Amino acid sequence: MPGGPRPMDRDRRLELAREIAAQVQEHYGDRVLALGVYGSVARGTDGPYSDVEIHCVVRGSGVDICHEWSAGPWKAEVDVYSEDVVLEWASEVDVDWSLTHGACVAVLPLYDPTDFFSRLREAALSHPDQVFERAIVDVIVGELYERMGKIRNARAEGNGVCLPYLAADLAKHGALLLGLAHRHLYTTSTHLFEESLALPERPGGYDALCRMVMAGELTDPVRIAEAADAFWLGIERWAQERGVQIEEDLGELLRRGSSPPPQSPPLGGGGGLSPIRTERPDLEVKRRTKGECSVGSGVQRFSGPRHLDH
């Protein structure tokens, strides 16, 4: 059998999560506010090759560290942040909200004497309607419209090679649009399409495009382009029926200003925290700036817990 992930049963994975949490808690001591597993392990849907993902919330402010490592047959991630950082992230609603913020809602506490994870859940779910309305416009204009332009460019230039990727990406953002519209948190990216098809009031053309992608029927450039056009027409009608304005005037945008819509206020704490130090050769640690996660010997872009994919 080649290297990489090896099978592990759920009981051993939970035992491993507790062992990791104990090591982290020993390192940070009484600075730890809460420790909890998120992702498929927390939901009880982990498979034999799933990894372990853990929140570690600490006292202090501005702490934002991600440790992600492989021990050979398994992989784990520990996200260490102060409560102000994680609550601020939880209170954001962006394009990927329906795919990322399940990490704030489905948490299996390992140590939580102050019931912090209930606050985290509330921060992720308590938003005024206009926050979601703005995010919906961002998906349509910033993501779906742009991908439609790329698909039409590819067809005009006779470049069919990129169309399968663009079709899948278009369908993905259609699913994210539906998640925002229904305030639905997807369990994992691997079930994104099938879960989206169970949501009501889907734009016309979405089902056909989504099922085409799910079936891998992406060899006909003409069929892909036609399915994309039908979906975009469905989006325009869907937006019009809901009073969502997707065509705007720059002058009006400038007059309204660039202030973001209201967000749920994060709750923070005081104090500070020094960088983590470790003697373990398999766990290389870097302090990350906002939006970065240390992975092995490199730094990757990061926005909250990495995803609910496992």
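Predicted model: local features only at pLDDT ≥ 70, side-chain atom pairs only at ≥ 80, totals over all residues.
Local features are reported at pLDDT of at least 70 and side-chain atom pairs only at pLDDT 80 or more, while totals for chains, interfaces and linings use all residues. Residues are numbered from 1 along each chain as its sequence is written, and side-chain values use heavy atoms, with hydrogens and water left out.

Helices (DSSP runs of H or I, at least four residues) and strands (E, at least two) are numbered from the N terminus. Helix H7 spans residues 129-156 and helix H8 residues 163-181; their axes come within 10 Å and cross at roughly 165 degrees. The axes are lines fitted to C-alpha atoms over the stretch in contact, with angles from 0 to 180 degrees between N-to-C directions. H7 is therefore roughly antiparallel to H8, a term that applies to angles over 145 degrees. The crossing of H7 and H8 is left-handed, meaning that the near helix is turned anticlockwise from the far one by less than a right angle. On the H7 side, the contact (heavy atoms within 4.5 Å) includes Phe132, Ile136, Val139 and Leu144; on the H8 side, Leu166, Leu170, His173 and Leu177 are among the residues involved. The residues of this contact divide into 15 nonpolar, 2 polar and 4 charged, where Ala, Val, Leu, Ile, Met, Phe, Trp, Tyr, Cys and Pro count as nonpolar, Asp, Glu, Lys and Arg as charged, and the others, Gly among them, as polar.

Rings of Phe, Tyr and Trp (its six-membered ring) pair if their centres lie within 6.5 Å, and planes over 60 degrees apart count as edge-to-face. The whole structure holds 5 such pairs. In one of them, the ring centres of Trp69 and Trp74 are 6.4 Å apart and the planes stand at 75 degrees, so the pair is edge-to-face.

Burial means under 20% relative accessible area, exposed over 50%, and partly exposed in between (1.4 Å probe, protein chains only). Trp97 is buried at 1%, and Phe132 is buried at 3%. Helix H3 (residues 83-90) is mostly covered, with 6 of its 8 residues buried, including Glu83 and Trp89.

Asp115, in the loop between strand S5 (107-111) and helix H6 (116-125), has a positive phi near 60 degrees although it is not glycine. Asp115 is partly exposed at 43% relative accessibility.

Methods: Parallel < 35°, antiparallel > 145°, perpendicular 65-115°, else oblique. Phe/Tyr/Trp six-rings, centres within 6.5 Å; stacked < 30°, edge-to-face > 60°.
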